[in-house]
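Trainee: I am new to this structure. Can you show me how to read it, feature by feature?
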Amino acid sequence: MEMPKPDTDLLARKPQIVARLREVLPRDAVIDDPNETRAYECDALSAYRCQPLAVVLPRTTAEVAAALKLLHEMGVPVVPRGAGTSLAGGSMPQADSVVMGLARMNAVLEVDYENRFIRVEAGRTNLSVTGAVEADGWFYAPDPSSQLACAISGNIGMNSGGAHCLKYGVTTNNLLGVTLVTMEGEVIEVGGAYLDAGGLDLLGLICGSEGQLGIVTEATLKILPKPEGARPVLIGFNSNEVAGACVADIIRAGILPVAIEFMDRPCIVATEAFCHAGYPDCESLLIVECEGSAAEIDEQIGLIRQIAAAHEPVEFREAQSADEAARIWLGRKSAFGAMGQINDYMCLDGTIPVSELPFVLRRIGELSKEFGLDVANVFHAGDGNMHPLILYNANTPGDMERCEKLGAEILKLCVEAGGCLTGEHGVGVEKRDLMDVQFAPADLEAQMRVKDVFDPKWLLNPAKVFPLGASASRRAS
Amino acid sequence: MRVESEAQLAEAIRDAGGALAVRGGGTRPVGRSLGAPLEVGISGITLYEPGALTLVVGAGTPLAEVEAALAAEGQRLPFEPANWGGVLGVSGESTVGGVVAANVSGPRRVQAGACRDSLIGVRFVDGRGTVIKNGGRVMKNVTGYDLVKLMAGSWGTLGVMSEVAFKLLPAAPAQTTLVLDLPAGAAQPALAAALGSPFDVSGAGWLPGQGAVVRIEGLSESVEYRVGRLEALLAPFGPVRIERDAASAAIWASLRDLEPFIGKPGDLWRLSVKPSEAPGIVARLGGEVMLDWGGGLIWALLPEGSDARALAAPYSGHATCMRGSAGVVFEPEPAPIAALSASLRAQFDPRGILNPGRMG
């Protein structure tokens with residue numbers, strides 16, 4: 001993975017840049033000691049690291065605006081950061097940049113049940129948004145696996161999803177409005193506590209733009225009344241193909257569970273060793289979660305049982321208690337941790353049409369043998385969002401490079417199968433150089449023209465999303 | 001001119017000597033229409049996978065054709081697109097591209113999202129005549145910027161769509177509507193109570209001749225259960241009448257297509273607002289109204305020449321003059337938003353030939 005050569009002039013001007021920032025921000029909001037900025041050298045894609053010039057941690061929208069105005073004036077690139085949990089390197093700094101972290105902006109500004117929204121500062125963590133309304137019987141639907149740690153600003157940047165988006169949609173479907181600060185330091189209100197834009201859908205454009213169009217400091221989010229209950233079933237199968245066919249049949253039957261999760265044998269074996277969830281010994285398993293009152297869940301699970309029976313499952317386990325439900329989810333929720341125990345891993349995020357599931361899984365198996373690296377599959381089957389985990393050893397010379405190559409092959413496979421490079425993690429630096437597999441030059445040009453509108457000098461997170469060759473002339477100007 | 005392929009569409013735009021008035025079926029004559037007519041007749045279902053809940057379709061395909069194909073598999077477009085032809089006084093066949101260009105969402109918007117939320121991919125030709133694709137045919141996709149959302153509701157001013165892809169939902173086997181005999185100005189608190197319940201309400205509005213209406217859809221036993229719970233919840237607002245299946249469906253078709261307003265004189269306004277503001281706005285507007293989206297969408301039939309924005313103020317959100325003589329059709333935007341929008345149009349359509357002035 002390559003980053004642009006740092007601007008030596010900016011590196012040399014670090015003391016002046018820091019001094020100017022201290023003129024407009026409180027003393028403790030500007031960090032320039034390399035021992036302290038080291039904490040910001042990477043995000044959750046920790047294989048790639050780079051120390052920034054400095055880090056700023058503003059407390060208000062006005063401070064964000066003041067800092068951006070100044071950095072714009074001085075021509076300093078800015079890398080926005082929520083909680084730093086990006087798996088795509090979305091908040092990885094570049095050497096000549098200032099990281100703008102939103103962690104201190106985490107207040108709840110307004111809760112309105114009558115109009116079903118909450119307004120928060122964007123540094124607030126995903127789970128604590130639900131935490132603010134849970135006691136009154138409400139929740140915020142998008143639930144990325146990192147929801148305990150990840151921030152709403154990052155969720156908006158990457159248009160994050162989660163396990164339950166089959167029913168509730170992803171971030172963009174649950175976002176009503178934002179306060180956006182442009183690179184020039186202008187504060188703009190987009191959307192609000194009403195539905196849909198009057199003019200062009202700028203909100204839809206901002207969500208998922210990976211911090212390249214502006215810094216979101218506040219967000220108005222849709223909240224929902226909590227369903228009366230939820231219950232998962234676990235269904236084990238003796239082949240991936242059959243499990244895939246069962247998913248399609250459940251969907252065709254008109255049942256819309258809130259989640260359909262899939263794990264293959266390597267993943268089942270690893271999680272069993274890690275957390276002893278008591279999963280059956282089988283090739284693949286599905287976890288299907290239904291919501292509603294007890295009787296409604298019974299009705300849905302009855303239908304799912306009938307459909308599954310036609311596929312001769314090796315096991316159909318229905319949770320009879322909260323404890324059993326938790327055990328069904330335990331292995332799935334521990335999957336990444338379990339893999340981390342075995343080895344280093346790279347987590348991919350391609351999406352494929354659900355109908356291509358058996359083909360893609362078979363082909364991943366072949367590629368895994370070819371490259372000599374194990375791959376475990378755990379993913380959101382209902383919407384085709386795959387998370388192949390490639391196991392490698394960072395201490396073995398050449399392993400990391402082999403892993404990157406295998407990852408690229410798998411993502412190309414997803415695109416060939418009619419899908420895309422990333423379903424919910426974002427492009428960042430990780431998938432940046434694969435963008436031309438999915439997009440023609442004209443497609444990328446159209447997207448870059450959008451950045452030209454919001455950030456004409458290309459200072460916001462400039463080395464992300466677009467292949468460096470494609471963005472070179474814009475970044476240089 | 002009528003184009004029937006993407007290549008023809010690209011050529012027509014490249015060769016255009018001046019403004020083009022882009023249209024699908026011509027059923028949404030909202031805003032100014034200047035220039036030589038360009039009708040998008042790129043028609044037909046490219047791909048339909050019921051097991052993956054996805055559909056890819058030519059932008060000029062009649063909406064009715066799409067809905068029939070989906071109904072045959074027990075599925076539907078989640079956002080319940082409206083037919084405004086009747087109330088806007090035009091004939092013609094609504095196309096899916098037109099639905100997307102206007103981001104038309106019906107009553108189920110409160111539960112299943114807007115048209116733009118179901119739209120997962122587009123192919124379009126920009127003002128230079130370049131073919132551009134964005135999104136795809138899978139329902140989770142964050143690869144690059146979301147130009148799919150930008151195209152929805154852009155009224156053909158950024159590019160002309162040749163193909164669109166949707167995620168779908170299973171059609172509900174049963175539906176029931178709870179009806180409360182309340183005046184329009186008193187409906188919103190009851191609708192908010194229903195939408196704030198865990199019973200997955202899929203429609204909440206008010207229409208003349210009925211009153212406040214709340215819809216439940218799903219598997220039949222589940223619908224019965226939730227209707228029972230909602231009946232108790234809504235009892236404090238007044239007596240509740242129950243309408244099932246076909247009778248229930250008729251209520252929502254009437255609200256969706258604004259049937260009570262068809263053939264009536266006056267200016268038709270559409271206001272998207274914070275729902276709790278609805279009672280005040282309804283009182284200030286006077287005239288006849290219909291409510292959807294729990295009060296968040298107000299349709300108002302006002303005397304000719306009325307300025308609904310002045311009458312309704314203060315409100316958050318936006319008002320559009322759908323039919324009438326008002327000078328400003330779309331809500332004027334704050335300066336920074338207007339500047340960004342103008343700049344986006346200049347990037348996508350540098351010659352300013354695609355539906356110029358359509359959105360004001």
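Mentor: Start with domains. Their bounds come from an automatic or database domain assignment. Keep in mind that this is a predicted model.

Trainee: Into which domains is chain A divided?

Mentor: Chain A has domain 1 (8–103), domain 2 (108–225), domain 3 (230–416) and domain 4 (439–477). The C-alpha centres of domain 1 of chain A and domain 3 of chain A are separated by 38 Å.

Trainee: And how is chain B divided?

Mentor: Its parts are domain 1 (2–170), domain 2 (174–256) and domain 3 (263–350). Between the C-alpha centres of domain 1 of chain B and domain 2 of chain B there are 31 Å. Seven residues from domain 1 of chain B and 10 residues from domain 2 of chain B make up the contact. On the domain 1 side, three of the residues are nonpolar, two polar and two charged.

Trainee: Which residues of chain B does the UniProt annotation cover?

Mentor: The unreviewed UniProt entry annotates residues 1–171 of chain B as "domain: FAD-binding PCMH-type". Over that stretch, chain B is 25% helix and 27% strand. The end C-alpha atoms of residues 1–171 lie 37 Å apart.

Trainee: Now helices. How do I read a packed pair?

Mentor: Two packed helices are described by the angle between their axes and the distance between the axes. Take α9 (residues 240–252) and α11 (residues 294–309) of chain A. Their axes come within 10 Å and cross at roughly 140 degrees.

Trainee: Last, the interface. How is its size given?

Mentor: Often as the accessible area lost when the parts come together. Here we count residues instead. In chain A, 75 residues are in contact with 70 residues of chain B.

Trainee: Which elements of chain A supply at least two residues each?

Mentor: They are β9 (187–191), α8 (202–206), α9, α11, α15 (435–438) and α16 (441–454). The largest share, nine residues, comes from α16(A). By type, the chain A side has 34 nonpolar, 26 polar and 15 charged residues.

Technical notes. Residues are numbered from 1 along each chain as its sequence is written. Chains are lettered from A and ligands numbered from 1 in the order in which they are written. This is a predicted model: local features need pLDDT of at least 70, side-chain atom pairs count only at pLDDT 80 or more; totals for chains, interfaces and linings use all residues. Two residues are in contact if their C-beta atoms, placed from the backbone, lie within 7 Å. Ala, Val, Leu, Ile, Met, Phe, Trp, Tyr, Cys and Pro count as nonpolar, Asp, Glu, Lys and Arg as charged, and the others, Gly among them, as polar. UniProt positions are given in the numbering used here, feature names are shortened, and annotations may be inferred rather than shown by experiment. Helices (H or I, at least four residues) and strands (E, at least two) are DSSP runs, numbered from the N terminus. Axes are lines fitted to C-alpha atoms, for helices over the stretch in contact, and angles run from 0 to 180 degrees between N-to-C directions.
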